[in-house]
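Here is a protein chain to walk through. Please keep the sequence and the model side by side as you read.

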Amino acid sequence: MIDDHPALNRRDDVPGTLVPGRLRASWLRSERYGISIDAVEPVFAGTEPPESLFHECGNEVLADLHRTLSSEPVGMMLTDADGVVLSRVSGDHSLLRALDAVHLAPGFGYSEREVGTNGLGLALADIAPTLVRAEQHYSHSLTGFTCAAAPVVDPATGRLEGAVNLTTWARTSSDLLLTLARSAASTIRTSMLARGSGNTPRPTTRRGLFRIVHAAGRAVADLGSEWTTAVAEARSAMDDGMAVAAIGSASSGRSTLLEQSARAAFPRHRILIASAPEPNDLQTWLDLWSFEAGRPDTAIVVRDVDALPAYAAEHLDGLLFASDILRMPVSMTAERLESVPTALRRRVRSVVSVAALQDRPDDVLPLARHFAREMRGRDVQFTDAAERALRNYDWPHDVAELKSTITRAVGRSDVVDTHVLPTEILAGPTRRLSSIEAFERGEIVRLLSTGPMTMQHAAERLGMSRATLYRKIAYYKIDMKSSR
């Protein structure tokens with residue numbers, strides 16, 4: 001039991017009672033996330049360097065700190081707000097090798113949700129400087145280290161940009177480690193403030209190239225009959241030991257379908273979800289499979305196998321299909337079966353087609369509520385007008401567009417209504433409109449959906465005559481009943 005672990009009962013290490021309380025909460029969250037207590041499971045997000053003021057200033061501060069501590073056994077790291085290590089320096093090669101062994105290296109995720117309690121993850125979770133010693137780590141494989149981390153908040157926007165993390169051996173004195181981390185974070189903030197407004201958008205990092213989902217992982221929405229049938233078909237094939245391919249557009253939810261099927265077929269299994277990487281990350285990605293190949297407690301979902309080069313597919317085939325008996329349930333996604341590299345295509349015994357979202361209208365609202373709940377951590381209310389708009393839109397960019405729309409909407413309001421939805425979605429299923437026409441139609445629908453008002457009042461609010469408003473309503477084929 002977690003309550004018996006010494007990390008939760010030792011109070012002589014850290015002054016006061018605040019940090020032990022935070023540690024206890026972090027350990028309980030780690031257990032709830034299903035994190036392995038025995039070893040750190042690699043979560044690889046890719047090493048493409050972001051272009052940002054935070055990254056530029058942070059690397060300069062780390063370089064200065066490295067010059068000062070070049071003879072000390074300290075690993076100095078800069079991470080993004082999601083805990084992905086962006087850069088790492090140290091003068092101690094044995095420490096670097098040990099950090100590589102636990103995947104505390106550039107491109108790997110070290111958030112609390114991915115690794116469990118650690119200094120870096122807890123600093124980002126609580127947005128507070130944090131020191132985690134030896135056995136206070138959730139994973140036993142990290143007890144040989146002590147980690148101190150301090151978050152970096154953009155001084156202009158107040159947005160969390162990332163953190164400075166310093167890691168040393170557990171046996172090494174760490175009295176100044178947290179002070180150094182705080183000082184480095186403060187210097188980065190000062191440098192960012194001096195160099196720019198800080199209003200540049202945060203760069204997008206390619207996420208989830210290699211990650212593990214446990215039985216206690218995220219829930220999946222209950223969707224319509226077509227989706228349910230496809231899940232049942234994939235599950236049946238997995239139960240029979242077949243390799244499954246889910247075929248469809250890249251944003252149709254193919255990997256989610258396979259994940260849901262694998263969870264139903266193997267409720268106690270870990271699910272490894274891997275996506276085809278960029279060329280510069282391919283070798284690291286292939287090396288990671290050696291940690292997982294052959295594990296009977298793991299189901300495999302390989303996304304975008306049609307993007308893998310032939311030699312990588314052959315390497316993967318040799319690891320996952322080493323014998324005629326498929327020890328690990330394997331599934332994969334691609335747009336077309338013909339595009340899957342030959343080495344993997346010959347292994348496929350069952351093919352499941354995943355329709356685009358525009359062909360699954362019954363799935364739109366359940367998915368929208370699911371994405372809103374994921375974003376807010378609770379159920380979110382949708383107005384009738386917003387539900388009609390979401391249901392009537394044809395979602396040309398599939399599930400990814402719906403998720404992006406809902407994420408932005410719930411970030412702006414506690415209730416999803418038409419005023420937080422993009423204009424093109426309010427335009428509904430009409431002929432192809434120009435950008436100006438789509439905006440005008442959306443504004444009319446938005447206004448008429450806000451509540452009871454006379455047409456004269458609505459026309460005045462829109463800056464047109466009542467007659468013009470009626471003509472616009474007819475021209476854009478606006479359903480007055482569904483807009484009210």
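Predicted model: local features only at pLDDT ≥ 70, side-chain atom pairs only at ≥ 80, totals over all residues.

Residues are numbered from 1 along each chain as its sequence is written, and side-chain values use heavy atoms, with hydrogens and water left out.

Start with the whole. The protein has 19 helices and 13 strands. Both are DSSP runs, numbered from the N terminus: helices are H or I with at least four residues, strands are E with at least two. Of the 484 residues, 54% count as buried. Buried means under 20% relative accessible area, exposed means over 50%, and partly exposed lies in between, with a 1.4 Å probe and protein chains only.

Strands of a sheet pair through backbone hydrogen bonds, either parallel or antiparallel. Here 6 strands form an open sheet in the order S6-S8-S9-S10-S7-S11, with mixed pairing. Two strands count as paired if DSSP finds at least two bridges between them. The edge strands are S6 (210-213) and S11 (348-353), and each pairs on one side only. From one strand to the next, the twist averages 20°. Axes are lines fitted to C-alpha atoms, for helices over the stretch in contact, and angles run from 0 to 180 degrees between N-to-C directions.

Take the pair S8 and S9. Strand S8 (residues 270-275) runs parallel to strand S9 (residues 298-303), and 6 bridges join them. Leu-272 has Ile-300 of S9 as its bridge partner. Helix H8 (residues 254-265) packs on this sheet. H8 touches S6, S7 (243-247), S8, S9, S10 (330-334) and S11, and its direction makes about 165° with that of S10. S9 itself is mostly covered, with 5 of its 6 residues buried.

How many residues of S7 are buried? The count is 5 of the 5, so S7 is largely enclosed by the rest of the structure. Both of its faces are covered. Ala-243, Ala-245 and Ile-247 lie on one side, Val-244 and Ala-246 on the other. S7 is joined to S11 by 5 bridges, and the two run parallel. Ala-243 stands opposite Val-348 in S11. S7 also pairs with S10 in the parallel sense, over 4 bridges. There, Ala-246 has Thr-333 of S10 as its bridge partner.

Helix H10 (residues 310-320) comes next. Its buried residues are Ala-312, Ala-313, Leu-316, Asp-317 and Leu-320. Seen down the axis of H10, they fall within an arc of 140°, so they line one face of the helix. The arc is that of the directions from the helix axis to the C-beta atoms. The cover over these buried residues includes helix H9 (282-288), S9, S10 and helix H11 (342-345).

Two single residues deserve a stop. Ser-30 is found in helix H1 (residues 18-33). Ser-30 is buried, with a relative accessible area of 0%. Neighbours within four places in sequence aside, Ser-30 is in contact with Ile-35, Glu-112, Gly-116, Thr-117 and Tyr-138. Ala-181 is found in helix H6 (residues 177-195). Ala-181 also counts as buried, at 0% relative accessibility. With neighbours within four places again left aside, Ala-181 is in contact with Ala-148, Ala-149, Ala-150, Val-164 and Leu-166. Ala-181 and Ala-148 are 33 residues apart in sequence and 6.5 Å apart in space, C-alpha to C-alpha.

Finish with a helix pair. Two packed helices are described by the angle between their axes and the distance between the axes. The axes of H17 (residues 455-462) and H18 (residues 466-475) come within 8 Å and cross at roughly 90°. That makes H17 roughly perpendicular to H18. Angles of 65 to 115 degrees count as roughly perpendicular, under 35 as roughly parallel, over 145 as roughly antiparallel, and the rest as oblique. H17 contributes Met-455, Gln-456, Ala-458, Ala-459 and Leu-462 to the contact, and H18 contributes Arg-466, Leu-469, Tyr-470 and Ile-473. These residues divide into 7 nonpolar, 1 polar and 1 charged. Ala, Val, Leu, Ile, Met, Phe, Trp, Tyr, Cys and Pro count as nonpolar, Asp, Glu, Lys and Arg as charged, and the others, Gly among them, as polar.

Definitions and conventions. Contact = heavy atoms within 4.5 Å.
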